[in-house]
Amino acid sequence: MDGDTIVAVATPPGSGGIGVVRLSGPDAAALARRIAGLDPRPRHAHYVRLQDPADDALIDDGLVLFFPGPRSYTGEDVVEFQGHGSPVLLERLVAACVALGARRARPGEYTERAFLNGRMDLAQAEAVADLIHAQTERAARRARSSLDGALAAELQPVSRRIRDLRVHMEAELDFGETDLESDVAGTLAPAAAELAAQIRALIERLRPGRYLDRGLRLALLGPPNAGKSSLMNRLAEDEVAIVTDRPGTTRDVLRAPVAIHGIPVEVVDTAGLHGSEDPVERIGMERAREAGRTADLVLELRDLTDPDAGIPQDLPADLPRLVVWNKSDLADDRQGSVSADALVISARTGEGLDALRDAIAARLGLAPETDGGFSVRARHLDGLVAAASALERIDPALPGDLAAEELRSAEQALDALLGRQDHEALLGEIFAGFCIGK
């Protein structure tokens, strides 16, 4: 860390009733004295006139709060100026701090300093961004749990057990009477396999939670006039797509954000798939196929009033999909033609929509009553996979020195996940995605 005192606006861009400018670093309290005209007491709100020391011009009036390190967000001395939420006034405060020697903060630099000063592990630091960007209440709860250290608490017993095995193995090699060709790995292989199984179970529990944190793309595919646009409007609870009785009304890709069981979902409405020589329709259908190929899940919409109308078979066979039969309000006498467990809905009346939402969540392993409990990123899953794979490579025939190396690799993968080892290259990538001021 460079030891600079940094400054930034900590509230969102735009006008508001209140705006916050945050300082962090060794000179934070001294700068507060120059601007607020008093020595701020720790954790006490002072009502002050905020002035520019360069010419004593009044900038604003408001509150100043001082949080001495290490008991602050960043672990350093932190000062917050709370004034009116005018972008002009907030920028004048920032400029005054810069003129006194502070440096404008980089995106995420406050949280980066909190991590570097031991106020949180790396997974907790990432959870700050997840909490800020949470789109649903469920995602916010999971991010809050991660910020409280849930992932580290889950991994701590596993990491400690791996370390104990490694210490035992290396002590046996260094000080025991065995050699590199000994079968000492054979005594540890069952324990390593058990740990690998625990990590694999955690991966399976966490993997579906990726949808809760990054969102889900749901593509609606089907023949013309199957009710895709009506279903999109029903899920979005808004008239986002034009609906008519004329087939082929939708010719391009339409998108709408919705929430299904706390999962942020982007619903993608597409042109009807059928045989056509119309060049405009063909372009729309190709875009529909592309939307299907890039979706997390496809709802293949069928029409109960025209059950023989399907979608072309040129889509990938492994495409994750749910077949949904629409227009139950118009085809009661035809529902016997579909299986008893088929998803049957009416996009017009809303019948069957709750069952459809349940089926979407279940298809992705995200039943409403179960989830991983805390936010998870692809980086976390990669680290867990690396740790499990290293443990799985330990078998009774493996030489002792190679077994010790695999244990070390597993431990390092978990340490990297939580930021307990060399992390300089990783930090720039992680904190670049934060907002300035956090």
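UniProt positions are given here in the numbering used for this structure, with feature names shortened, and the annotations may be inferred rather than shown by experiment. What you have on screen is a predicted model, in which local features need pLDDT of at least 70 and side-chain atom pairs count only at pLDDT 80 or more, while totals for chains, interfaces and linings use all residues. Residues are numbered from 1 along each chain as its sequence is written, and side-chain values use heavy atoms, with hydrogens and water left out.

With that in hand, find Ser229 and Thr250, where an unreviewed UniProt entry places the feature "binding site". Ser229 belongs to helix α9, residues 228–236; helices (H or I, at least four residues) and strands (E, at least two) are DSSP runs, numbered from the N terminus. Is Ser229 buried or exposed? Buried means under 20% relative accessible area, exposed over 50%, and partly exposed in between, with a 1.4 Å probe and protein chains only. Ser229 counts as buried because its relative accessible area is 9%.

The unreviewed UniProt entry also lists Arg22, Glu80, Arg119 and Lys438 under "binding site". Glu80 sits in strand β5, and its 13% relative accessibility puts it in the buried class. Which residues does Glu80 touch, leaving aside its neighbours within four places in sequence? Its partners in contact (heavy atoms within 4.5 Å) are Val20, Val21, Arg22, Leu63, Val64, Leu65 and Phe67.

A charge sits over a ring if NZ of Lys or CZ of Arg is within 6 Å of the ring centre and within 35 degrees of the ring normal. Arg22 lies over the face of Tyr73, 5.7 Å from the ring centre, and the charged end of Arg22 also sits over the ring of Tyr110, 5.5 Å from its centre.

Tyr110 leads us to helix α3, where it is one of the buried residues. This helix, residues 109–116, is mostly covered, with seven of its eight residues buried. Among them is Glu112, at a relative accessible area of 14%. The side chain of Glu112 makes a polar contact of 3.2 Å with the side chain of Arg106. After α3 comes Gly118, with a positive phi near 80°. You will find a glycine just after α11 too: Gly365 takes a positive phi of about 75°.

Some backbone details in the loops deserve a look. In the loop between β4 (57–67) and β5 (78–85) you will find Pro70, and the peptide bond from Gly69 to Pro70 is cis, with omega near 5°. Arg43, in the loop between α1 (28–36) and β3 (46–52), has a positive phi near 55° although it is not a glycine. Asp56 likewise has a positive phi, near 60°, and is placed in the loop between β3 and β4. Arg43 is partly exposed at 41%, whereas Asp56 is exposed at 56%.

Now for the interior. In soluble globular proteins, nonpolar side chains tend to be buried together. A nonpolar core here is a set of buried Ala, Val, Leu, Ile, Met, Phe, Trp, Tyr and Cys residues joined through side-chain atoms within 4.5 Å. The largest one has 37 residues, and Ile162, Ile199, Leu384 and Leu391 have the most contacts inside it. The elements giving two or more residues to this core are α6 (150–175), α7 (184–206), α12 (378–392) and α13 (400–418), with the largest share, 10 residues, coming from α7. Beyond its neighbours within four places in sequence, Leu391 is in contact with Ile162, Ala192, Leu195, Ala196, Ile199, Leu407 and Ala410. Apart from this core lies another, of 28 residues, including Leu216, Leu220, Val267 and Leu353.

Finally, look at Ala416 in helix α13. Ala416 is partly exposed, with a relative accessible area of 26%. Ala416 and Leu122 are 294 residues apart in sequence, yet their C-alpha atoms are 8.7 Å apart in space.

Note on methods. A polar contact is a pair of N or O atoms within 3.5 Å; within protein, one must be able to donate a hydrogen and the other to accept it, and residues adjacent in sequence count only if both atoms are side-chain atoms.
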